[in-house]
Amino acid sequence: MSNIFEYAPAPESRAVVDIKPSYGLFINGEFVDGHGKAFKTVNPATEEVLAEVAEADDADVDEAVKAARRAYTRVWSRMSGAERAKYLYRIARIIQERGRELAVLESIDNGKPIKESRDVDIPVVAAHFFYYAGWADKLEHSGYGSTPLGVAGQVIPWNFPLLMLAWKIAPALACGNTVVLKPAETTPLTALLFAEICQQADLPPGVVNIVTGAGDTGRAIVSHPDVDKVAFTGSTEVGKAIARAVAGTDKKVTLELGGKAANIVFDDAPLDQAIEGIVNGIFFNQGHVCCAGSRLLVQESVADEVLERLKRRMSTLRMGDPLDKNTDVGAINSGEQLKRIRELSEVGDAEGAERWEVACDLPTKGFWFPPTLFTGVSQAHRIAREEIFGPVLSVLTFRTPSEAIEKANNTPFGLSAGVWTDKGSRILSMANRLRAGVVWANTFNKFDPTSPFGGYKESGYGREGGRHGLEAYLKGEDS
Amino acid sequence: MSRIDVRKTYKLYIGGQFPRSESGRSYVVNDAKGRLLANAAQASRKDARDAVVAARAAFGGWSTKTAYNRAQIVYRIAEVLEGRREQFEAELRAAEGVSAAKAKTYVDAAIDRLVWYAGWADKITQVVGNANPVAGPFFNLSTPEPSGVIAVVAPRGALLGLVSVVAPLIVTGNTVVVIASQDNPLTAITLGEVMATSDLPGGVVNVLTGSQSEIAPWLASHMDVNGIDLTGVEDAALASELEVAAADNLKRVRRPAPDTDWLLEPGLDRMTRFMETKTVWHPIGV
C-alpha cells in the first residue's frame, strides 16, 4: 500500500461497553442459568475470549417456549395494537440512545468495521423497530388480516447479529406474536444486550425470550411442538433440514438462505459508480452477506478496464482493527469460516482460475482474509457456483444481454442481483428477466425497513421487511 | 339395429398433445355405480418427467405474455367450456353420480371461476405489489412474479375442484403439471381438450392420470419443479413424505385441503402462494 494512504490510528473507545464475564439465558424477562455446556465467544480480530455464554438444552428451550406461550395468551395477543406499538417505539428509541454501545459491542463480537456497525447495522435496527411499531395498530389495512400466529421460533446468523434480530423480532411483535430467538453461537452479545433493552422498556416478561447455543438449541426450537412459526436466516443446507423437520405439521415457515448474486456490468455503465458498487457488493461486511455480489459479470469490451480500476480501488481498502474508524474491511467472523473461505479459494486455484489479492500485512492474531478476486472463472467452477461467504469475487465475462441473463440465472440460488448500465430500457428488461428477489440497478447492497427482502428458488421463501414482511407473522385473510 | 357408439380413448395431456402413457399401462375407471366408464392412462415416472419438461419449456413464453393476453386466454377457456357444457354435465353425472341439477351447479361454478380468475391476471400485481418509501433517494418497487413450474395434486371434484386449483396458478404466469383425481380422472382429460382449443399454449397445463401415490413423489423430488400444491392429498403420511421430498430444492408447498368446499368464493391465496416478490431499486438523481 502506498504511503500517501497511511492513516493515523483512530480507534473507537471500548469504554462504552461493559462485557460481563458470563451470560445466562433470557427467559420470561429474567436472566437464568442454562443447563447445556457453556461456550465462549471470542473477538475474531484478536481471538481474545470475551465472555462465557450459557447453552440452552431441550428443557431450557421448553421453558422459553412456555414463557412465550403464557405471554402470548395472557398479555400480548390481548393487548391492543396501539399499545404494542408503544413498546416497539420504546425499544426503537432505546436502541438509538444506546446506539454507540451497541455498535462497539457488535464490532467486538463480530469483527465488522465500526464504520459499518455504527452507520449501517445499528441505525437500520432502530429504523426497523420504528417502522414495524407503526404497523401494530394498522394491520387490518395490510392485506394479510390482523390475526397473529402465536409463538415464533427464530434462528439467526452471525453476519448481521442485531440487524437479523430486528428483522425477526420487530414484525413478529408488531403482529401480536411472542418469540423465542436464538442468536448465532459466535455472536450472542448484542442479542443479550437487546434482552436488557427489553427490560429497560418494561416489555412484559415472556414476549421476547433469547436462548443461546448452537445447532442443537436451534433444532430444539424448530421442532418444538408448541412453536407455531419458524423463521430462519442462514445456510441453504440448514434451511432444507428445517423444511423437512416441519413437514406434516401446521407450522408456518420463512427461510432466508444463501445466494450467489450476479453483479452485471455493461459497457455503457457509469464505471466510477460501478467500481464502488462492485467493491461494496462483495467486500461490505467482509463478504459475509447472503446477497453479496459474489459473481461479477462484466461485458467483454470493458473487462480489462473494469478489472484494472477494480484492482486499483481494492488496493486502497484499509483492512485491520474493526474498532478503527478508518477500517474498511474487518476480521472474518470465525476460524471455521476462515477455513471454508481458504478451502474454496484453493479449489478456485486448483480448477484453473487466476487469483489476485490485495497485498497487505495481515494481523498476526485473529481471523483474516485479504480482499481477493479470481479471473478466468467459468460457470462450472465451484467458486462460481457455491457461496463462499467471504471477501472473494469471481469474475466472468459476457458479450450480449441474453448471455448475461443466462449466466446470472444459471444457479439454484435467487436472492439478489445487480445491473449497471446507463440505458433505462435495458435496466428494466434485465430487472424483469433476472430470477432474484432483490434487483439493485446502478446500486448494490441497499437495505431499508420498508423494502421487502428475500429469495427465489433455493434462496428460500417469504419476505422480510416492508408490508410484505407482515405476511410471515399473520394468519392471512383467506387460505 | 341401433348405432354403435364411438367411444373415446382417454390419454394424457402433455405439451399440448394427447399421448398414451409411455409405460403402456392403463387402469379401469368405473362410474358411481361401479360400471365400466373407460380405461384411463396410468402415467409413469417418465410421463411425469416429460410433463415437467413441457411445463418448463412453456414457462418462458407464458410468463412473459402480457397479463391482458393471459386474461383473454383464461377467459377463452371459460367460453369454450360454456359451449361444451352438456358434455361436462353428462360426464359429471356419470362419473360422480350426481343429479342433473348438481352437475349443472358444478359446471356453472367452474365456468364462473375461470372468468373470475381470468380477470385477476392484470390486477393481482396492483393488489399485492407496492412502492416502498425507502429512507434515501431511491426508486423502489415490489411486484409479484410467478414461481415457475408447479406440480398439483388435484382434489376429488373432477371439474370444479380441478379448475379451482389450476386456474389461479396459470393466470399469474406459472405452468402446471397436475395429477388428476385418481378416482375421477376422465373429466380432467376432457378439460384438456377444452384447453387445447382455447389458445392456451401447449405445456402450460399438463394433465397426468393414474396413481397419486406413484406419481406425486417423482414430482415432489423433481429438481426443476418450483412448487407443489398438495390440495388433493388425503393420506397424511403421503403428504408428509411429499413435503419432505419437496425440501430438496425448497419447493414452495401448499399443504393438503381435500375437504375444501369448492362452491365457496376463493381468496387470493391460491395465486399468491406460488408467486415471488421481486423488489427493484434504482437511485434517483440528475
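# Reading contacts, burial and helix packing

Trainee: Leaving aside its neighbours within four places in sequence, which residues is E256(A) in contact with?

Mentor: Two residues are in contact if their C-beta atoms, placed from the backbone, lie within 7 Å. Here E256(A) is in contact with T233(A), C290(A), G454(A), G455(A), G460(A) and E464(A), once neighbours within four places in sequence are left aside. This is a predicted model, in which local features need pLDDT of at least 70 and side-chain atom pairs count only at pLDDT 80 or more, while totals for chains, interfaces and linings use all residues. Residues are numbered from 1 along each chain as its sequence is written, and chains are lettered from A and ligands numbered from 1 in the order in which they are written.

Trainee: Where is E256(A) placed, and what does UniProt list it for?

Mentor: Helices (H or I, at least four residues) and strands (E, at least two) are DSSP runs, numbered from the N terminus. E256(A) sits in strand β10 (residues 252-256) of chain A. An unreviewed UniProt entry lists E256(A) for "active site"; UniProt positions use the numbering used here, feature names are shortened, and annotations may be inferred rather than shown by experiment.

Trainee: Does E256(A) count as buried or exposed?

Mentor: A residue is buried if 20 or more other C-beta atoms, placed from the backbone, lie within 10 Å of its own, exposed if 12 or fewer, and partly exposed in between. E256(A) counts as buried because it has 28 C-beta neighbours inside 10 Å.

Trainee: What should I look for in phi values?

Mentor: Most residues other than glycine have a negative phi. In this model, N28(A) has a positive phi, near 55 degrees, and N445(A) also has a positive one, near 50 degrees. N28(A) is in the loop between β2 (25-27) and β3 (30-32) of chain A, and N445(A) is in the loop between β17 (438-441) and β18 (460-461) of that chain. N28(A) has 18 C-beta neighbours inside 10 Å, so it counts as partly exposed; N445(A) has 22 and therefore counts as buried.

Trainee: How do the axes of helix α3 and helix α4 of chain A cross?

Mentor: Axes are lines fitted to C-alpha atoms, for helices over the stretch in contact, and angles run from 0 to 180 degrees between N-to-C directions. The axes of α3 (residues 99-110) and α4 (residues 114-135) of chain A come within 9 Å and cross at roughly 125 degrees. The two helices are therefore oblique to each other (under 35 degrees is roughly parallel, over 145 roughly antiparallel, 65 to 115 roughly perpendicular, and the rest oblique). Among the residues that meet are L102(A) and V104(A) in α3(A), and I114(A) and I122(A) in α4(A).

Trainee: How many residues of helix α7 of chain B are buried?

Mentor: Eight of the 11 residues of α7 (residues 186-196) are buried, so this helix is largely enclosed by the rest of the structure. The buried ones include L186(B), I189(B), L191(B) and M195(B). The buried residues of α7(B) pack against several elements of chain B, among them α2 (67-83), α3 (85-96) and β7 (205-208).

Trainee: And how many residues does each chain give to the contact between chains A and B?

Mentor: Chain B gives 31 residues and chain A gives 37. On the side of chain B that touches chain A, β4 (138-146), α9 (236-246) and β10 (275-283) each supply at least two residues.
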